[in-house]
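Reader: I have a model open and want to go through it with you. Can we take it piece by piece?
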Amino acid sequence: MSGRVLVGVKRVIDYAVKIRVKPDNSGVVTDGVKHSMNPFCEIAVEEAVKLKEKKLVKEVVAVSCGPQQVQETIRTALAMGADRGIHVEVSGKDYESLGPLQVSKIMAALAKKEEAQLLILGKQAIDDDCNQTGQMTAALLDWPQGTFASEVTVEGEKLKVVREIDGGLETIKINLPAVLTADLRLNTPRYATLPNIMKAKKKKITQVKPSDLGVDLTSRLQVLRVDEPPQRQAGVKVETVDDLVSKLRECGRI
Amino acid sequence: MLGLLCQCCRQILRPWNTWQAGLRSLSTTPVPAEAAGVVSSPPLQTYSEEETMMREAVKKYAQERIAPFVSKMDENSAMDKEVIQSLFEQGLMGVEIDPDYGGTGSTFFSSILVIEELAKVDPSVAVLCDIQNTLINTLFSKLGTPAQKDQYLSRLSTDMIGSFCLSEAESGSDAFSLKTRADKHNDYYIINGSKMWISNAEHAGVFLVMANVDASAGYKGITCFIVDRDTEGLEICKKENKLGLRASSTCPLNFDNVKVPEKNILGLVGHGYKYAIGMLNEGRIGIAAQMLGLAQGCFDHTIPYTRQRVQFGKRIFDFQGMQHQVSNVATQIEAARLLTYNAARLKESGRPFIKEACMAKYFTAEVATLTTSKCIEWMGGVGFTKDYPIEKYYRDCKIGTIYEGTSNVQLSTIAKYIDKEFDH
């Protein structure tokens with residue numbers, strides 16, 4: 001395998017920020033809030049860069065969909081070692097309703113256009129927790145998928161993928177080209193060192209419109225309402241196991 | 001975009017450049033279309049994309065790779081080897097060094113941001129980085145012959161720490177009355193004397209030593225010599241047991257007939273005093289950044305506590321007395337930040353900056369002292385214990401009013417400039 005890897009990176013609200021719901025319950029507050037690259041996307045970038053360092057792939061291309069600000073996220077990927085970036089311009093209402101279906105259509109179109117051999121995504125984004133984009137993209141491309149990957153090994157023209165599943169670990173072998181989604185333990189993403197940040201300035205980011213890729217961004221979903229999770233209620237302490245069982249029965253829990 | 005409001009205005013796509021001469025910079029805030037093309041006066045806290053990325057990268061790195069070691073390093077009065085190594089790996093020790101020599105190739109303002117971010121986590125690590133970047137690297141870059149640059153710059157950016165040796169037991173503020181001699185013989189010099197209060201000495205691989213080649217010429221005999229660590233006759237004595245900045249080694253040095261070849265003179269003979277003054281003018285902005293980071297880091301640790309701690313049925317933050325104190329300190333930190341950033345931008349743009357640099361260093365050191373003292377009070381009893389990081393900031397800040405030019409020296413220098421301003 002010596003081809004091109006496409007890595008999807010999403011700009012999300014930073015994991016450390018306390019999320020607040022907008023007063024009109026239409027969404028969460030994003031204005032003036034710190035954003036960064038989705039942690040699982042960082043792991044995806046790291047895996048792609050590692051493959052390049054092992055000389056198993058030739059080029060790593062970072063892709064992000066959204067308004068102007070996502071270029072920062074692409075720059076971070078470049079500073080981690082990606083070779084170039086593609087910014088798919090989506091803004092305004094389209095961006096608000098952008099979801100896995102639309103992104104997977106974009107990714108599939110780009111994978112074909114860039115003649116990618118491998119597509120690596122984070123398993124899910126920490127804002128919507130959808131866990132769908134990788135799977136949908138694979139289906140649209142009719143490519144095999146190795147999702148929740150915690151270990152990836154190249155074996156000739158195939159990939160051996162160890163997946164984290166509910167029951168433990170599953171090892172599969174899939175043909176290339178393929179889609180992978182990165183899980184937490186796949187690797188530890190590197191820091192963007194200062195020299196690499198400087199080098200990233202010289203790397204190219206091309207702008208593309210979804211219409212150029214023939215993608216229809218219409219959403220099939222409509223967000224009706226966003227609410228805060230219910231306040232955590234105080235618990236009750238009990239003295240014995242019998243008390244516990246009877247209390248649970250009272251609440252209708254068992 | 002961090003902390004800056006994203007509005008739904010059309011954003012102007014600009015080439016991704018670094019800060020250029022003058023106050024014009026590339027704002028990451030969206031600008032309304034009609035303002036494009038007008039020379040703007042952006043706020044001082046406007047950073048290029050590169051500066052923002054660097055600051056974020058250092059913040060993350062400092063939190064994850066330095067913070068866990070801070071307490072131990074302070075207790076043992078020793079800088080952890082892994083911390084030093086990772087500083088080099090991240091490219092923080094050669095921010096302005098040319099990439100040809102393995103450096104990052106960025107700007108002075110970037111190093112200021114780096115020092116500030118490091119100081120928020122550990123001022124000792126920040127001072128190590130500050131001395132390397134603003135004193136050692138700058139001296140070599142500006143004055144080094146091609147051979148000297150080849151030999152040292154790539155080491156300084158990758159694995160070698162440098163020390164700047166000016167002060168002696170009998171000459172601190174009165175730096176140019178230094179007594180260390182360098183006697184000329186043919187094509188080499190013999191250095192005899194001793195230095196005091198030399199930072200980084202424990203780990204330094206190279207020492208820039210200010211010695212006098214001609215005592216009769218007074219300060220005009222002071223010359224800068226490059227002395228490698230393993231030179232015979234150079235003794236690095238036991239480090240001081242200090243109140244603060246404990247992880248940063250501060251050692252006396254002895255020079256016993258240390259033989260240094262003529263080619264190891266940095267710059268010109270007898271010009272050492274000029275170089276020292278020049279470098280220290282810049283170095284003082286670095287120290288201002290360190291004190292600024294220290295104050296901010298201490299403050300950032302304290303406010304969450306005041307918002308959590310409840311007494312008399314409300315958060316201690318909600319008491320008016322507390323709010324007034326907190327706001328006062330926050331205002332002073334902001335003023336200190338603006339003084340520091342402005343001095344750095346002035347220097348970068350090639351404009352006169354010495355008065356502003358003195359003001360920045362003097363003011364931030366005072367603000368750091370005030371902030372840390374108040375933070376301990378706001379934390380109450382726990383602020384007084386070593387279980388919380390506040391008392392370390394309190395101890396660390398004191399040196400700010402003393403080293404790289406005492407506050408009194410700064411004030412005298414500022415007065416000199418004010419006097420000159422009213423000359424006509």
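Author: Let's begin with A:Thr181, which is buried, with a relative accessible area of 1%. Keep in mind that this is a predicted model.

Reader: Where is A:Thr181 found in chain A?
Author: A:Thr181 sits in strand β10, residues 178-182 of chain A.

Reader: Which backbone nitrogen lies 3.0 Å from a polar atom of its side chain?
Author: That of A:Phe148. A:Phe148 is also one of the residues in contact with A:Thr181 once neighbours within four places in sequence are left aside.

Reader: Surface next. Which residues make the nonpolar surface patch?
Author: A:Val241, A:Leu244, A:Val245, A:Leu248 and A:Ile254 make a patch of about 420 Å².

Reader: A:Ile254, buried or exposed?
Author: Exposed, because its relative accessibility is 61% and the cut-off for exposed is over 50%. A:Ile254 lies in the segment after α7 (241-250) of chain A.

Reader: Now the interface. How many residues does the contact take from each chain?
Author: Chain A gives 22 residues and chain B gives 31. The two chains bury about 2,300 Å² between them, with 64% of that on carbon and sulfur atoms. On the chain A side, A:Tyr191, A:Leu194 and A:Lys201 lose the most area to chain B, and together they account for 32% of what that side buries.

Reader: How many salt bridges between chain A and chain B?
Author: The count is 3. One salt bridge joins B:Glu56 and A:Lys34, with the closest N and O atoms 3.2 Å apart.

Reader: Which helices of chain A supply at least two residues each to the side that touches chain B?
Author: α2 (70-80) and α6 (194-200) of chain A. The largest share, 5 residues, comes from α6(A).

Reader: And how many salt bridges over all chains?
Author: The structure holds 44. One pairs B:Arg55 with B:Glu116, at 3.2 Å from N to O. B:Arg55 lies in helix α1 (residues 49-66) of chain B and B:Glu116 in helix α4 (residues 108-121) of chain B, so the pair ties together parts 61 residues apart in sequence.

Reader: Are those two buried or exposed?
Author: Both are buried: B:Arg55 has a relative accessible area of 13%, and B:Glu116 has 0%. They also belong to a network of salt bridges with B:Glu117, B:Lys120 and B:Arg337.

Reader: Which residue forms a salt bridge with B:Asp74?
Author: B:Arg395, with the closest N and O atoms 2.7 Å apart. That pair links distant parts of the chain: B:Arg395 is in helix α10 (residues 390-397) of chain B and B:Asp74 in helix α2 (residues 70-76) of chain B, 321 residues apart. B:Arg395 is buried at 12% relative accessible area, and B:Asp74 is buried at 7%.

Reader: Last pair. What does B:Lys142 form with B:Glu282?
Author: A salt bridge, its closest N and O atoms being 3.1 Å apart. B:Lys142 is in helix α5 (residues 123-143) of chain B and B:Glu282 in helix α7 (residues 272-308) of chain B, 140 residues apart.

Reader: Is B:Lys142 buried or exposed?
Author: B:Lys142 is exposed, at 51% relative accessible area, whereas B:Glu282 is buried, at 8%.

Note on methods:
Residues numbered from 1 in each chain as written. Chains lettered and ligands numbered in written order. Predicted model: local features only at pLDDT ≥ 70, side-chain atom pairs only at ≥ 80, totals over all residues. Heavy atoms only, no water. Patch = residues over 30% accessible without salt bridge, like charges linked within 9 Å, V, L, I, M, F, W, Y side chains within 5 Å. Areas by Shrake-Rupley, 256 points an atom, 1.4 Å probe, with all protein chains shown as cover. Salt bridge = Lys/Arg side-chain N within 4 Å of Asp/Glu carboxyl O. Helix = DSSP H or I, 4+ residues; strand = E, 2+ residues; numbered from the N terminus. Buried < 20%, exposed > 50% of the residue type's maximum accessible area, 1.4 Å probe, protein only. Contact = heavy atoms within 4.5 Å. Buried area = accessible area lost by both parts, 1.4 Å probe. Polar contact = N/O pair within 3.5 Å; in protein donor to acceptor, adjacent residues only side chain to side chain.
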